[in-house]
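Here is a short briefing on the strands of one protein model and on what they enclose. Please look at the sequence and the structure before reading on.

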Amino acid sequence: MKSLIPIIIIFVFLLPGCGKKAPPVPSRQKPVPAVSDLKHSIDGDMLTLTWTIPKGKEKTALDGFIVYRYKRPISDSPCKNCPKLFQKMSDIPVDNTIDAPGYENKNIEYREEVEKGFVYTYKVVLYTKSGVFGTDSNNVDFNF
């Protein structure tokens, strides 16, 4: 019987583990909604972007918005199949005013001075406190 104990111990360690080995899978998260009502207005050379907080996300999970801009001279001919290279322009935190009823209808604003002779495209991306980013908003395109 004593000779069986080492064999049993060796056999236990040689048995396969819990099954298929694979990289860890992140827990499922609800998708972050995208801003869908991005609009712009221009007064002189001052651009104002406005949008509302999308519905469907718990307000306590919201952390902010990233504003991205693509800019090229109007004189440059557009490249048909080239991607637009956006630059991060601003990180706008969601403030505490979203605790009020109707927070989804609150307008968020971003302002910046624009230069004449350029083509502009802007988009906004929402992110949460846990660092999850939503998809791109609708684009705002204009020549100035």
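Which residue of β6 stands opposite Arg69? Tyr122 does. The model is predicted.

**Pairings around β3 and β6**

- Strand β3 covers residues 62-73, and strand β6 covers residues 118-128. They pair in the antiparallel sense over 11 bridges.
- Tyr120 stands opposite Phe142 in β7.

**The three-stranded open sheet**

- An open sheet of 3 strands has the order β1-β2-β5, with antiparallel pairing. Its edge strands are β1 (39-43) and β5 (107-113), and each pairs on one side only.
- Neighbouring strands of this sheet are turned by 20° against each other on average, direction ignored.
- β1 and strand β2 (residues 46-52) run antiparallel and are joined by 5 bridges. Within this pair, Ile42 stands opposite Leu47 in β2.
- As a general point, strands of a sheet pair through backbone hydrogen bonds, either parallel or antiparallel.

**Burial of β6**

- Why is β6 described as largely enclosed by the rest of the structure? Of its 11 residues, 11 are buried, so the strand is largely enclosed.
- The residues of β6 point two ways. Phe118, Tyr120, Tyr122, Val124, Leu126 and Thr128 point one way. Val119, Thr121, Lys123, Val125 and Tyr127 point the other way. All are buried, and Lys123 is among them.

**The nonpolar core**

- The largest nonpolar core has 23 residues. Those with the most contacts inside it are Leu49, Trp51, Phe65, Val67, Tyr122 and Phe142.
- β2, β3, β5, β6 and β7 are the elements that give two or more residues to this core. The largest share, 5 residues, comes from β6.
- What does Leu49 contact, leaving aside its neighbours within four places in sequence? Its contacts are Leu38, Lys39, His40, Val67, Ile108, Glu109, Tyr110 and Tyr122.

- Ser90 lies in strand β4. Is Ser90 buried or exposed? Its relative accessibility is 18%, and buried means under 20%, so Ser90 counts as buried.
- Not counting residues up to four places away in sequence, Ser90 touches Phe65, Ile66, Val67 and Tyr110.
- Thr48 is placed in strand β2. Thr48 has a relative accessible area of 10% and is therefore buried.
- With residues up to four places away in sequence left out, Thr48 touches Lys39, His40, Ser41, Glu109, Tyr110 and Arg111.

**Points to take away**

Notes
Residues are numbered from 1 along each chain as its sequence is written. This is a predicted model: local features need pLDDT of at least 70, side-chain atom pairs count only at pLDDT 80 or more; totals for chains, interfaces and linings use all residues. Side-chain values use heavy atoms; hydrogens and water are left out. Two strands pair if DSSP finds at least two bridges between them. Helices (H or I, at least four residues) and strands (E, at least two) are DSSP runs, numbered from the N terminus. Buried means under 20% relative accessible area, exposed over 50%, partly exposed in between (1.4 Å probe, protein chains only). Axes are lines fitted to C-alpha atoms, for helices over the stretch in contact, and angles run from 0 to 180 degrees between N-to-C directions. A nonpolar core is a set of buried Ala, Val, Leu, Ile, Met, Phe, Trp, Tyr and Cys residues joined through side-chain atoms within 4.5 Å. Contact means heavy atoms within 4.5 Å.
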